[in-house]
Amino acid sequence: MHMSFWLGYQLNDLLFNKLNVTSVTGFLFACACIIVIVIMYEALKVCSATMKLNSAILKVPNRQRCLSDNTVLINSAPRFHARRNLWRFSEVIIYALEITFGYIIMLLVMSYNFYLLLVVLLSTGGCYALFGQHLLHLKLKTSKLKAPCEHCLKHENSSPTSSTEIISESINDNSLGCCSHSAADESTHS
């Protein structure tokens, strides 16, 4: 086993015991498999970001920073529980696969073969060129949904300090409370 980078096409015990590559054709096949693994890893990252965006949309109208009694009642609707649980389960599966592929890529680089390192770096760079902007766009959309809306920020900044002010405000306020409008409506405005 090499402990420094080396050049060559003969690989012994690649990822698994007795998985040896002894020919140039076998080495090129191993490189093609590495490219597929890297593409799958990057695609899983995009899939994970999409799942997080869908989860944020399903949390309508739940906001983390400011909730009213009405939003808690609306969120406890049973029709959303099955869909949320399905999304959560899917997120866990996607996350586990993403971590698994990440560790496989790490172990391939730790073979200290310079050619394998080069294949991983080039395929990762190529995947970033293909998926990077889309992944960034998904993450920005998700963060916008998780951020408090302007109504919530105004509500937080003008919050009463005494219990008398809180009671009088709740009596005089006929609205449903902070974030009674849906986050999906907000995402259509942006």
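I began with Tyr115, which at 35% relative accessibility counts as partly exposed, where buried means under 20% relative accessible area, exposed over 50% and partly exposed in between, with a 1.4 Å probe and protein chains only. The model is a predicted one, in which local features need pLDDT of at least 70 and side-chain atom pairs count only at pLDDT 80 or more, while totals for chains, interfaces and linings use all residues. Residues are numbered from 1 along each chain as its sequence is written, and side-chain values use heavy atoms, with hydrogens and water left out.

**Aromatic pairs**

I next looked up ring pairs, taking rings of Phe, Tyr and Trp (its six-membered ring) as paired if their centres lie within 6.5 Å, with planes under 30 degrees apart counted as stacked, over 60 as edge-to-face and the rest as tilted. The count comes to 3 aromatic pairs. Phe5 and Tyr112 form an edge-to-face pair, at 5.5 Å centre to centre and 80° between the planes. This pair links distant parts of the chain, with Phe5 in the segment before α1 (24–58) and Tyr112 in the loop between α3 and α4, 107 residues apart; helices here are DSSP runs (H or I, at least four residues), numbered from the N terminus. Phe5 is partly exposed at a relative accessible area of 46%, and Tyr112 is partly exposed at 23%.

The rings of Phe27 and Tyr115 have their centres 6.1 Å apart and their planes at 75°, so I noted this pair as edge-to-face. Phe27 lies in helix α1 and Tyr115 in helix α4, so the pair ties together parts that are 88 residues apart in sequence. Phe27 counts as buried, at 7% relative accessibility. Ring pairs also link Phe27, Phe114 and Tyr115 into a cluster.

**Helix α4**

I then followed α4 (114–146). Asn113 caps the N-terminal end of α4, with a side-chain oxygen 2.8 Å from the backbone nitrogen of Tyr115; a polar contact is a pair of N or O atoms within 3.5 Å, one able to donate a hydrogen and the other to accept it within protein, and residues adjacent in sequence count only if both atoms are side-chain atoms. Further along, α4 bends by about 55° at Phe131, the bend being the angle between axes fitted to the seven residues ending there and the seven starting there. Among the buried residues of α4 I listed Leu116, Val120, Cys127, Gly132 and Leu145.

**Salt bridge**

How many salt bridges does a search of the whole structure find? I recorded 1 salt bridge, using the rule of a side-chain nitrogen of Lys or Arg within 4 Å of a carboxyl oxygen of Asp or Glu. The side chains of Glu42 and Lys45 meet in it at 3.4 Å, N to O. Both residues lie in helix α1, 3 residues apart, about one turn of the helix. Glu42 is buried at a relative accessible area of 6%, whereas Lys45 is partly exposed at 24%.

From Lys45 I checked the C-alpha atom of Ile99, 54 residues apart along the chain, and found a separation of 9.9 Å. Ile99 is found in helix α3 and is partly exposed, at 33% relative accessibility. Ile99 also belongs to a nonpolar surface patch of about 890 Å², whose members include Leu15, Phe16, Tyr95, Tyr103 and Met110. Patches are made of residues with over 30% relative accessible area and no salt bridge, nonpolar side chains (Val, Leu, Ile, Met, Phe, Trp, Tyr) being joined within 5 Å and like charges within 9 Å. Met110 sits in the loop between α3 (78–109) and α4 and is partly exposed, with a relative accessible area of 40%.

Definitions and conventions. Accessible areas come from the Shrake-Rupley method with a 1.4 Å probe; for residues, only the protein chains shown count as cover. Helices (H or I, at least four residues) and strands (E, at least two) are DSSP runs, numbered from the N terminus.
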